[in-house]
Structures are given as C-alpha cells and as structure tokens.
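Here is a friendly walk through one model, meant to be read with the structure open beside you. Please keep the viewer at hand as you go.

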Amino acid sequence: MWRAIWRAIFHWFVKLTGVLPYWIACRPKFYYEDKKAQSRKLKGKAIIAPLHTSVWDVGTMMMTFFWRNPRCVVAELMFEKNPFLSFFLRSMGSIKVDRNANDFRFLDSCKKILDKNGVVEIYPESRLPRKGEESPLPFKPSTVYLALKSGAPIIPVATNGKLFSKKRTCVMIGKPIDAAALYDESLSEKENVNNITKYLRDKIIELQYELERKSEKKA
C-alpha cells in the first residue's frame, strides 16, 4: 500500500515539475488515427505500445497520456547503470525485465497491474535500433501475449523521435487494437501471436508514415 502511494506521489511530482520544461523544449504536436476511438485520455486498462526512437520516449509517453500513470517495462541494463537511476525507475514503478535470462515473470507483474485497471507501457522492439539498423526492429511477442492474457487493448503509438531540437516532437496515436478479436481459433496460439504481432508492427509503421506525411504538410 505504502509503495503504491509513494509511486503515485513520485510519478505526479515528476510530471508536474517536468511538464513546463517539456512543452517549452519539445513543443509537442499530437495527431490521431481516429480521435473519437482513441484520444490522449485512457479509460480503464490499456497497453501503450510505442515505437522506440530514444531513451526519452518514456518522458514523451508520460506527457502524452498525462492523466494516467503508465508503468513502463524497462530492461535490466537501465537498472544497473547507477544507484540514482535505479532508485528513479523503481520509484516510477518501472517493471524490470532481464532480456538475457529468458525470464517472463515480468508479464505476470504487468497482468496484475492491468487486472487493477492500470496502464502498462511496453516497447515491442525491446531495444533501440543500433547504428545502421532499419527501424522499426522486429517486434517481440510479449505485447500480444500480454494483451491476450489480460484482455487489455493495445494502443499503438508512433513518434518522430525529435526531442530537444529545432523540430517539434510529434506523436501519432492509433486506434486501440483488440488482440482477442484478431485471434483465429483454427490456428495455434504461437501462429496467432505471430500474426497479431505482425499486425501490430504493420500498424505502427502505417502510423509512422502518416505522421511523417502530416508533419511535412504542417512544416
């Protein structure tokens, strides 16, 4: 209980102290695939699935969905960088995943949050693209597995990755994806998860193209 109260206080402290600097430095612009279907307001449980462009993506999502406190899935590497960062991530309620251990217990932690109508933020690529790699990277199946097990909708999000630069930070929010509605009972679970994961990746690529088109038109 006290841990949950501390997380809420810390999360709101970070947002309230960071919102003005963020808006001044990034001048965010928000676009929607269908604003009536999904705006910046999240109702009930949800899985935010953004394209991964920068370590600052977490801050962008925090400010995009300002009125909710997403619990972000974060790689073990970030927890091990230094004690201050580890304290910050734990205070924010970040969910640690060890990518080298094939440990999927983080999905149980995510499901518990969603079962309480919380919001989980998970990056399907699982890491940032390295120099020379094509973006987006192949998607891991964890996001879809979590959606199927929890019944939570997936909110696909694309960004232009422009942070603290002359260009505005632009965000495109897609319509919620109901993974269960895409499930084909004639196929195995693995086949379904692979198909829905491909659908999610294709949707985010589509949102990215649309975001680029709208951004160029506004420029």
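S126 is partly exposed, with a relative accessible area of 30%; here buried means under 20% relative accessible area, exposed means over 50%, and partly exposed is in between, with a 1.4 Å probe and protein chains only as cover. This is a predicted model, in which local features need pLDDT of at least 70 and side-chain atom pairs count only at pLDDT 80 or more, while totals for chains, interfaces and linings use all residues. Residues are numbered from 1 along each chain as its sequence is written, and side-chain values use heavy atoms, with hydrogens and water left out.

You will find S126 in the loop between β5 and α6. Helices (H or I, at least four residues) and strands (E, at least two) are DSSP runs, numbered from the N terminus. Most residues other than glycine have a negative phi, and most peptide bonds are trans.

The peptide bond leading from S135 into P136 is cis, with omega near 0°.

**The sheet**

In what order do the seven strands of the open sheet lie? They run β1-β7-β6-β2-β5-β3-β4, with mixed pairing. β1 and β4 (95–97) are the edge strands, each pairing on one side only. From one strand to the next, the twist averages 25°; angles run from 0 to 180 degrees between N-to-C directions, and axes are lines fitted to C-alpha atoms, for helices over the stretch in contact.

Strands of a sheet pair through backbone hydrogen bonds, either parallel or antiparallel. Two strands count as paired if DSSP finds at least two bridges between them.

Let us start with β2 (residues 46–50). Five of its five residues are buried, so β2 is largely enclosed by the rest of the structure. A46, I48 and P50 cover one face, and I47 and A49 the other. β2 pairs with β6 in the parallel sense over four bridges, where I48 has I155 as its bridge partner and A49 stands opposite P156. β2 also pairs with β5 in the parallel sense, over three bridges, and there I47 stands opposite V120.

Next comes β7 (residues 170–173), whose two faces are both covered: C170 and M172 on one side and V171 and I173 on the other are all buried. β7 pairs with β1 (residues 29–32) in the parallel sense over four bridges, with V171 as the partner of F30. Three bridges join β7 to β6 (residues 154–159), and these two run antiparallel; V157 stands opposite I173.

Helix α5 (residues 105–115) lies across β2, β3 (71–75), β4 and β5 (119–121), at about 160° to β4; contact here means heavy atoms within 4.5 Å.

**A nonpolar patch**

M1, W2, I5, W6, I9 and F87 make a nonpolar patch of about 750 Å². Helix α1 (residues 2–26) gives the largest share, four residues. W2 lies in α1 and is exposed, with a relative accessible area of 68%. Patch members have over 30% relative accessible area and no salt bridge, and nonpolar side chains are joined within 5 Å. A salt bridge is a side-chain nitrogen of Lys or Arg within 4 Å of a carboxyl oxygen of Asp or Glu.

Methods:
Patch = residues over 30% accessible without salt bridge, like charges linked within 9 Å, V, L, I, M, F, W, Y side chains within 5 Å. Areas by Shrake-Rupley, 256 points an atom, 1.4 Å probe, with all protein chains shown as cover.
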